[in-house]
Amino acid sequence: MTKPLADRIALVTGASRGIGYATAIALARAGAHIVAVARTQGGLEELDDEIRKDGGSATLVPLNLTDSDGIARLGAGLHERYGKLDILVGNAGALGPSSPIGHIELKTFTDVMAVNVSANFQLIRCMEPLLKQSDAGRAVFITSGAANKATAYVSPYAASKAALETLARAWAQETANTKLRVNLFNPGPVRTRMRATLMPGEDPATLDTPEQVAEFIVPMCAPDWTETGKFYDYKTRSLMSFRSPA
């Protein structure tokens, strides 16, 4: 049976657990070779085992995404080995503190921005030339409803996701006349460690799993996906366009 993503190279950040882990497995099952990036070596090895069980393949990259030089080296390595990148899933994220703004230290704020915004900025810079070498480059960034709700007590996270959305949308406009498609995906509440940290009293059984969410990310990575600069809302199963406030 032909796999829709056969011979495609997919870079997934935050791939050692949660949505990143599930998305990497789903993309591998669709035929993509996975370049899995995460800080946790053990989690990456578990991912590799799962991918291989299904006959897939992966390259493991233990990397802290705040290492901008490391991202640049990764881009150079992908260029040397493959000469292209077909799929970028920017999933890695930091929640940061749950606290009033006035109680948050500046370093804590900048640490969240470093992972959620600056790292994705560097990924865009370093991976865009490779994505443009693909016949159908696809980029999907994982965002959050906190960005537009301006959720109280998670201001660094909310602000960083709002910045990420604007960054991705600007990139989509810049590349609109190329074969590259850039979009955002909002999973909403999902059964992840990050969600459990934020909402410790919540029953995880009431939430969808990362595996369920990943099935909706995969089509956005396929060559036949044509939309760009859009926002997929998993909760409502709808693809949305951004518009200026009334």
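Where is Gly70 found? Gly70 sits in helix α3, which covers residues 68-81. Helices here are DSSP runs of H or I with at least four residues, strands are runs of E with at least two, and both are numbered from the N terminus. This is a predicted model, where local features need pLDDT of at least 70, side-chain atom pairs count only at pLDDT 80 or more, and totals for chains, interfaces and linings use all residues. Residues are numbered from 1 along each chain as its sequence is written, and side-chain values use heavy atoms, with hydrogens and water left out.

- Gly70 counts as buried because its relative accessibility is 7% (buried means under 20% relative accessible area, exposed over 50%, and partly exposed in between, using a 1.4 Å probe and protein chains only).
- Gly70 and Gln122 are 52 residues apart in sequence, and their C-alpha atoms are 10.0 Å apart in space.

**Helices α4 and α6**
- Two packed helices are described by the angle between their axes and the distance between the axes.
- Take α4 (residues 106-131) and α6 (residues 155-174): their axes come within 8 Å and cross at roughly 15°.
- That angle makes α4 roughly parallel to α6 (under 35 degrees is roughly parallel, over 145 roughly antiparallel, 65 to 115 roughly perpendicular, and the rest oblique).
- The axes are lines fitted to C-alpha atoms, for helices over the stretch in contact, and angles run from 0 to 180 degrees between N-to-C directions.

**More on α6**
- The 20 residues of α6 should span 28 Å at 1.5 Å a residue, and its end C-alpha atoms are 29 Å apart, which agrees; the expected span is 1.5 Å times one less than the number of residues.
- Among the buried residues of α6 are Tyr157, Lys161, Leu164, Glu165 and Trp171.

**Helices α1 and α8**
- The axes of α1 (residues 18-29) and α8 (residues 210-217) come within 8 Å and cross at roughly 55°.
- So α1 is oblique to α8, and their crossing is right-handed.
- Gly18, Ile19, Ala22, Thr23 and Ala26 of α1 make the contact with Pro210, Glu211, Val213, Ala214, Glu215 and Ile217 of α8.
- That contact of α1 with α8 splits into seven nonpolar, two polar and two charged residues.

- Arg8 lies in the segment before β1 (9-13), and at 8% relative accessibility Arg8 counts as buried.
- Leaving out residues up to four places away in sequence, Arg8 touches Ala32, His33, Asp86, Ser134, Asp135, Ala136 and Pro223.
- Tyr153 is not a glycine, yet has a positive phi of about 70°; Tyr153 lies in the loop between α5 (146-149) and α6 and counts as exposed at 53% relative accessibility.
- Arg237 is not a glycine either, and has a positive phi of about 55°.
- You'll find Arg237 in the loop between β7 (230-233) and β8 (238-241), partly exposed with a relative accessible area of 41%.

Notes
Left-handed = near helix turned anticlockwise from the far one by under 90°. Contact = heavy atoms within 4.5 Å. Nonpolar A, V, L, I, M, F, W, Y, C, P; charged D, E, K, R; others polar.
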